[in-house]
Amino acid sequence: MNVLPGSTSSSEPVLNSRAMPIATLTNLSLAFGTDQILDRIELSIDGGERIAFTGRNGAGKSTLLGIISGAVNEDDGNLWRADNLKFVTLSQNLPERSDITVFDSVSGVFDELGKQLAEYHHLTEQMAGDELDTNRLSQLQSALDHGDGWNISHRIEATLHRLKLDPEAPLSSLSGGWLKRVAIAQSLVLEPDVWILDEPTNHLDLEGIEWLESLLLDFQGTILFVSHDRQLMQSVATAIVEIDRGSVIRYNCDYTTFIERREKVRETEQEHNKQFDDKLKIEETWIRQGIKARRTRNEGRVRALEALRVERGKRISTKDLKLQVDSGTSSGKIVKEATSLGKSIDGKLIIKDLDLIIQRGDRIGILGPNGCGKSTLLKILLEELSPDAGNLKTGSKLRVAYFDQIREQLDQQRSVHDYIAEGRDFITVNGKDIHVVSYLQNFLFNPDQARAPIRTLSGGEQNRLLLAKLFALPTNFLVLDEPTNDLDIETLELLEELLVEYTGTVLLVSHDRTFMDNVVSSLLVFEGYGKVQEYVGGYSDWVKGANTQQTTSSSNNKTGNQTGHQTGSHQDRKKQKAADHKRLRDLDKLTTKIEKAEQELAQVNQQMGDAGFFEQSAERQTAIYDKSAELEKGIMNLMEAWEALEAN
């Protein structure tokens with residue numbers, strides 16, 4: 001088994017008698033065509049562990065879980081599983097919306113016995129008492145007596161109660177989040193010893209994700225899961241398994257420690273790669289010698305060079321995904337200004353008396369449970385939907401790009417190339433022409449995928465394609481509705497970097513708590529009964545209630561206006577909002593200056609550490625020393641300014 005030395009976390013729970021292997025993979029391999037997914041991997045899983053599997057989209061996470069569960073067969077190697085253990089998988093797919101009830105859907109996992117339970121349940125719920133019903137009830141009771149049906153019925157009812165599911169609710173009436181709960185119930189009633197979950201947070205809102213965390217932590221068996229939710233991984237996982245280019249490495253630690261150790265491994269790998277590339281250059285120079293040398297060259301050395309090239313082609317840098325966005329021209333200072341906005345849908349109050357100012361450069365996140373109206377608010381701000389009350393003003397020179405949650409823009413029959421370039425071979429990004437295949441390679445699509453139809457892409461790859469399309473557009477206002485779904489963690493981190501550096505305005509909906517913490521400058525939170533409140537800071541700031549400001553409260557207190565509709569109160573809120581955003585922008589600018597100064601200081605210090613530094617003239621050495629001292633002083637001044645601004 002590939003375990004890094006010293007990788008056992010001190011915070012890892014002491015394993016009890018369950019800490020014996022329940023599954024072992026030995027020298028196991030699997031390929032899809034010429035694509036080697038798993039290459040002679042070794043892995044052991046102990047009872048009671050909670051293991052998170054991570055890796056890029058397409059690396060083989062779901063495939064490996066399928067092998068462990070027995071749903072996928074390996075090509076070579078051995079899989080051993082302990083006897084008498086029940087492996088149950090929670091898939092990514094939701095139950096289909098239909099007229100059957102929640103009880104029927106959950107009992108259906110027990111096949112014929114489940115059908116009998118469902119029929120008995122409905123007959124007992126009916127008021128009819130004719131002889132036919134009585135006879136049928138008697139038949140069903142007999143069948144359930146012989147099939148342990150009553151214990152199963154009690155288990156279903158207890159599980160539905162635990163998950164707060166209404167047994168009589170039709171699936172057609174449920175949102176995606178509640179359908180996810182039904183899927184979880186379907187797997188839990190089977191009483192798994194090993195519970196396998198593939199992206200369990202998909203379709204869940206923040207409340208649902210926190211509920212799922214508690215559920216997983218309370219589960220008494222073994223958990224194997226794939227998730228892009230970094231906070232869930234940190235809270236739940238006792239070990240991390242990374243799948244990378246066919247290999248599997250296990251880290252016995254929490255997720256945060258895994259990131260630190262993985263970076264050290266990659267630094268070592270980059271050094272080895274540099275040595276490898278140096279050797280490759282020597283071989284390339286040798287093989288390009290004159291005709292005579294080519295005729296007499298050693299064929300074994302040629303084969304070795306070809307092997308080097310194959311190995312080089314397999315290597316994928318962690319920074320290969322080069323996300324970039326065309327910011328277009330700047331918008332006006334005010335992007336959107338909403339006054340007393342109100343909206344109801346089917347008699348349900350969604351938004352009431354919302355005052356909001358979005359300024360150029362804002363990065364605003366929207367939080368709230370499923371069905372509260374987050375997408376409705378986006379559509380109102382994009383003027384795709386009209387409010388019932390209030391006014392909305394839109395600033396000048398606005399160029400909007402909208403990432404929609406349900407991928408309505410994707411025609412599954414079109415090729416990836418045509419979708420991006422609309423029949424052309426080149427697209428223009430930031431004023432430069434770039435070949436569409438090269439552009440797609442920046443988003444980790446190879447030439448074959450560029451020519452393939454969209455339907456051949458995985459969910460994560462289709463999301464990445466939408467991002468590629470979005471970032472090719474000249475825009476100064478990005479509107480992102482659940483952009484993080486199905487993205488692997490490395491792509492998420494790179495997307496975070498892009499959005500932080502983006503000079504335009506960002507409005508986004510996401511249930512990814514870490515993503516919100518790393519990207520947004522303020523939050524719009526749906527608090528119920530139509531109230532949408534703005535808070536400065538990220539998700540963690542909002543949860544803690546520290547260092548946050550309700551940007552409208554001070555103006556209401558000053559004016560004594562309880563309704564918030566009068567002009568004076570609105571003007572006060574505008575001033576307060578502008579002051580808050582100016583402070584955040586000033587903090588961002590100072591942070592950028594500090595980072596640049598530190599980078600420059602590191603370069604100067606590297607010069608002083610070079611072996612040839614003291615061979616330079618005394619004047620040159622003195623100039624470099626002075627430059628270092630000047631940079632250190634400048635950084636100290638910038639840090640003091642940053643701390644003073646942060647304290648305000």
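**The whole chain**

Among contacts in the protein chain between residues at least 6 apart in sequence, 68% join residues at least 24 apart, where contact means heavy atoms within 4.5 Å. This is a predicted model, in which local features need pLDDT of at least 70 and side-chain atom pairs count only at pLDDT 80 or more, while totals for chains, interfaces and linings use all residues. Residues are numbered from 1 along each chain as its sequence is written, and side-chain values use heavy atoms, with hydrogens and water left out.

Switch to cartoon view: the protein chain has 22 helices and 20 strands. These are DSSP runs numbered from the N terminus, with helices being H or I of at least four residues and strands being E of at least two. Of the chain's 648 residues, 47% count as buried. Buried means under 20% relative accessible area, exposed means over 50%, and partly exposed is in between, using a 1.4 Å probe and protein chains only.

The protein chain exposes about 32,600 Å², with carbon and sulfur atoms supplying 48% of it; the areas come from the Shrake-Rupley method with a 1.4 Å probe, and for residues only the protein chains shown count as cover.

Select residues 149-162, which is helix H5. H5 has 14 residues and reaches 20 Å from its first C-alpha to its last, close to the 20 Å expected at 1.5 Å a residue. The expected span is 1.5 Å times one less than the number of residues. Which residues of H5 are buried? They are Gly149, Ile152, Ser153, Arg155, Ile156, Thr159 and Leu160. Look down the axis of H5 and these buried residues fall within an arc of 160 degrees, so they line one face of the helix; the arc is that of the directions from the helix axis to the C-beta atoms. Following H5 is Lys164, whose phi is positive, near 60 degrees.

Next, pick residues 206-218 for helix H7. The 13 residues of H7 should span 18 Å at 1.5 Å a residue, and its end C-alpha atoms are 19 Å apart, which agrees. Color its buried residues: Leu206, Gly208, Ile209, Trp211, Leu212, Glu213, Leu215 and Leu216.

In soluble globular proteins, nonpolar side chains tend to be buried together. Here, the largest nonpolar core has 45 residues; show Ile420, Tyr439, Leu465, Phe471, Leu499 and Leu508, which touch the most other members. The largest share of this core, 6 residues, comes from helix H16 (residues 459-471). A nonpolar core is a set of buried Ala, Val, Leu, Ile, Met, Phe, Trp, Tyr and Cys residues joined through side-chain atoms within 4.5 Å.

Center on Leu508. Leaving aside neighbours within four places in sequence, its contacts include Ile364, Leu480, Leu499, Phe515 and Val519. A second, separate core of 44 residues includes Ala52, Ala169, Leu179 and Ala183.

Go to Leu381 in helix H12 (residues 374-381). Is Leu381 buried or exposed? It is buried, with a relative accessible area of 2%. Not counting residues up to four places away in sequence, Leu381 touches Lys336, Leu356, Ile358, Leu392 and Leu507. Draw a C-alpha to C-alpha distance from Leu381 to Lys336: the two are 45 residues apart in sequence and 7.4 Å apart in space.

Then move to Asp388, in the loop between H12 and strand E13 (389-394). Asp388 counts as partly exposed at 49% relative accessibility. Beyond its neighbours within four places in sequence, Asp388 is in contact with Gly342, Lys343 and Ser344.

**Positive phi and cysteines**

Most residues other than glycine have a negative phi, and most peptide bonds are trans. Arg245 is not a glycine, yet has a positive phi of about 50 degrees. Find Arg245 in the loop between strands E8 (239-244) and E9 (247-251); it is partly exposed, with a relative accessible area of 35%. Tyr529 also has a positive phi, near 60 degrees, and lies in the loop between strands E19 (522-528) and E20 (531-536). Tyr529 counts as exposed at 80% relative accessibility.

Last stop: the cysteines. How many disulfides does a search of the whole structure find? The search finds 0, taking a disulfide as a pair of cysteine sulfur atoms within 2.5 Å. Cys253 is buried at 1% relative accessible area, and Cys372 is buried at 12%.
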